[in-house]
Number of protein chains: 2
Amino acid sequence: MKPPSEKSAGRRPSAPSFPPLQPAELELADFFVRMAGILGVPRSVAEIYALLYISPEALDFDHIQGRLGISKGSVSQGLKFLRDHEMVLSVKHPGSRRPRWQPTPSLAASLVALLRSQVLPALERAQPSLQRVLTEAEARGADAAVIERLNRLSRWNSRALELAPLLLPPPVP
Amino acid sequence: MKPPSEKSAGRRPSAPSFPPLQPAELELADFFVRMAGILGVPRSVAEIYALLYISPEALDFDHIQGRLGISKGSVSQGLKFLRDHEMVLSVKHPGSRRPRWQPTPSLAASLVALLRSQVLPALERAQPSLQRVLTEAEARGADAAVIERLNRLSRWNSRALELAPLLLPPPVP
DNA sequence: GCATCGGTTCAAAAAATAATGAAACATCAG
DNA sequence: CTGATGTTTCATTATTTTTTGAACCGATGC
């Protein structure tokens, strides 16, 4: 399916004056990249998260870019993604205009938010479709076993939809 | 992240003598494709599953290829994937040499098998890494908060590993 | 044997996704 | 206002993943 191309071990050049990732940092990044891969989150995003996760201090934009050796665009988009999913927080250091970033306290909550954003929309979009398919099948007097299958699927989906908001309460924006 | 290219709505030409997917079938296929997409399962695989799911009869290789209008290679690989993940069963119709395929009775079980195969290996590979990262951090007297984070992560991971076989019992092959 | 059926494999082509970086934009300080 | 700073946008490029199809392989029947 997706044997996620291992070879990217070769380090990219870091921007001037920022040290590249150290072995332990690399290893953690690797872990996050792999996990993120399961849900199709791009590596640059996972790397940013890993870096913030292992850093004692909140880091600003340039630090992130410099240490990971990735482009401005990637950092910007990566942070946007992480922000949107409530996986990072900005702290405003006094004396500097640039926000610094750190992971939100609860990784669990972050994962929940992420799943939520991935799965829920799919379930929602599916609901009317499944309904239609089912009705159509019944209308044309389709095979009983098939109708039963479709029924189960549709019930599943709507139950999941009902439950979702309870288990994964949406943030109050 | 992955706005899964909608445009593939244009139907591919079906092989001679097999009708293309009907609207209801298309709609169901769409649903499965979307769901599969979340876990990075390729569309051809999802389409095959959807077709079997909505068909009253088990279908053979040529039927699948013909109705979906995809290549032999894709059908072969797709069926292999579905077999490997215990999502389809072959029934041998008497009088014909070719196996016919149908979905396994429990979609839930299938999903579990799929998740299992995706998540478990990642957790396993991660365990020693996380351990190393943690030890290293402690050894060099890293920031206490970071050590705490890493600890939690590592504990999480190993707990998940312990639990996994209980929740998702491996098949007896 | 050897020809045909049923598929599988795998290198090459096509499609999808992610990363880059220059230009555009927004905000703040003066 | 105006210039500098800090970030976002987005067309282009690079990378990765998926699909294709022809060559190949292993039955099975003759």
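In what order do the elements of chain A run from the N terminus on? I read them off as α-α-β-α-α-β-β-α-α. That gives chain A six helices and three strands. I took helices (H or I, at least four residues) and strands (E, at least two) as DSSP runs, numbered from the N terminus.

Before going on, I noted that this is a predicted model, where local features need pLDDT of at least 70 and side-chain atom pairs count only at pLDDT 80 or more, while totals for chains, interfaces and linings use all residues. Residues are numbered from 1 along each chain as its sequence is written, and chains are lettered from A and ligands numbered from 1 in the order in which they are written.

**Chain A overall.** I looked up burial: 27% of the 173 residues in chain A are buried (20 or more other C-beta atoms within 10 Å of a residue's own, with C-beta atoms placed from the backbone). Among contacts in chain A with a separation of 6 or more, 55% join residues 24 or more positions apart. Contact here puts the C-beta atoms, placed from the backbone, within 7 Å.

**Where the chains meet.** Chain A puts 32 residues into the contact and chain B 31. On the chain A side, two or more residues each come from α1 (23-38), α2 (43-54), α5 (107-139) and α6 (144-167). The largest share, 10 residues, is from α5(A). I sorted this side of chain A by class and got 21 nonpolar, three polar and eight charged residues. Nonpolar covers Ala, Val, Leu, Ile, Met, Phe, Trp, Tyr, Cys and Pro; charged covers Asp, Glu, Lys and Arg; the others, Gly among them, are polar.

**Symmetry.** How is chain A laid on chain B? A turn of 180 degrees with a shift of 0.0 Å along the axis does it, at an RMSD of 0.1 Å (least squares on C-alpha atoms of residues with pLDDT of at least 70 in both copies). That is the relation of a two-fold axis. Of the residues of chain A, L39(A) comes closest to the rotation axis, its C-alpha at 2.8 Å. The copies meet through the same surface, because 97% of the interface residues of chain A are also interface residues in chain B.

**One helix pair.** I finished in chain B, where I checked which residues of α2(B) and α3(B) touch. E47(B), I48(B) and L51(B) in α2(B) meet I64(B), R67(B) and L68(B) in α3(B). By class, that makes four nonpolar, no polar and two charged residues.

Note on methods:
Two residues are in contact if their C-beta atoms, placed from the backbone, lie within 7 Å. A residue is buried if 20 or more other C-beta atoms lie within 10 Å of its own, exposed if 12 or fewer, and partly exposed in between; C-beta atoms are placed from the backbone.
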